[in-house]
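User: I would like to learn how to read a few features of a model, one at a time. Please give the general idea and then the case at hand.

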Amino acid sequence: MAGLTKDTPYPTEIKLHQKSRILDITFSDGKAFQFPCEFLRVYSPSAEVSGHGPGQEVLQTGKKMVSIVKIEPVGNYAIQLNFTDGHNTGLYSWDLLYNFGLNQDKMWQRYLQRMDEAGASREPASRASTAQHSCK
């Protein structure tokens, strides 16, 4: 939240699409971003996910089907997202969300690369094990 200034774009509309699991955010400068719930979950700003400093990030696996069940405003600077997997910590400030929007493609590719390097799956554990068994 260190990047919040009087010039920081702020959301003028936040809309959750439950079926597609997409969070649309339109900012005051006219830019609009579509965030898959999975993206927001795996890049949660919580200490549990992002750690307490660079290099302490915890790779989030099995989050492909996660959705947002509740969006709570936090003052005039952020929202808190409650996900279907029970995760609800971390504040998504306006500058963080705006930065996510500007860098989403690069961030997503990095996430997929990290998943590949770890031999991990985006599928929830029960689906991933079912898929592995059906391939034999």
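**Reading burial, rings and sheets**

Analyst: Start with burial. I22 has a relative accessibility of 17%, and because buried means under 20%, I22 counts as buried. Keep in mind that this is a predicted model.

User: Where does I22 lie, and which residues is I22 in contact with, leaving aside its neighbours within four places in sequence?

Analyst: I22 belongs to strand β2, residues 22-27. Beyond those sequence neighbours, I22 is in contact with K15, L16, H17, Q34, F35, P36 and C37. A separation in sequence can also be set against one in space: I22 and S67 are 45 residues apart along the sequence, with 8.4 Å from C-alpha to C-alpha.

User: How many aromatic pairs does the structure hold?

Analyst: There are eleven aromatic pairs. One of them, F33 with Y98, is edge-to-face, with 5.8 Å centre to centre and 85° between the planes. This pair links distant parts of the chain, since F33 is in strand β3 (residues 32-36) and Y98 is in helix α3 (residues 94-118), 65 residues apart.

User: Are F33 and Y98 buried or exposed?

Analyst: F33 is buried at a relative accessible area of 11%. Y98 counts as buried too, at 13% relative accessibility.

User: Why is the pair of F35 and F39 stacked?

Analyst: The angle between the planes decides it: under 30 degrees counts as stacked. The planes of F35 and F39 are at 15° and the ring centres are 6.1 Å apart, so this pair is stacked. F35 is buried at 0% relative accessibility, and F39 is buried at 1%.

User: Which residues do ring pairs link into a cluster?

Analyst: The cluster consists of F27, F33, F35, F39, Y43, Y98, F100, W108 and Y111.

User: Now the sheet. In what order do the three strands run, and which strands stand at the edges?

Analyst: For an open sheet, read the strand order and then the partners. Here the order is β4-β5-β6, with antiparallel pairing. β4 (68-74) and β6 (91-93) are the edge strands; each has a single partner strand, so one side of each is left without a neighbour in the sheet. On average, neighbouring strands of this sheet are turned by 30° against each other, direction ignored.

User: How many bridges pair β5 with β6, and what packs on the sheet?

Analyst: Strand β5, residues 78-83, pairs with β6 over three bridges in the antiparallel sense. I79 has Y92 in β6 as its bridge partner. Helix α3 packs on the sheet and touches β5 and β6, and its direction makes about 75° with that of β6.

Technical notes. Residues numbered from 1 in each chain as written. Predicted model: local features only at pLDDT ≥ 70, side-chain atom pairs only at ≥ 80, totals over all residues. Heavy atoms only, no water. Helix = DSSP H or I, 4+ residues; strand = E, 2+ residues; numbered from the N terminus. Buried < 20%, exposed > 50% of the residue type's maximum accessible area, 1.4 Å probe, protein only. Contact = heavy atoms within 4.5 Å. Phe/Tyr/Trp six-rings, centres within 6.5 Å; stacked < 30°, edge-to-face > 60°. Pairing = 2+ DSSP bridges. Axes fitted to C-alpha atoms, helices over the stretch in contact; angles between N-to-C directions.
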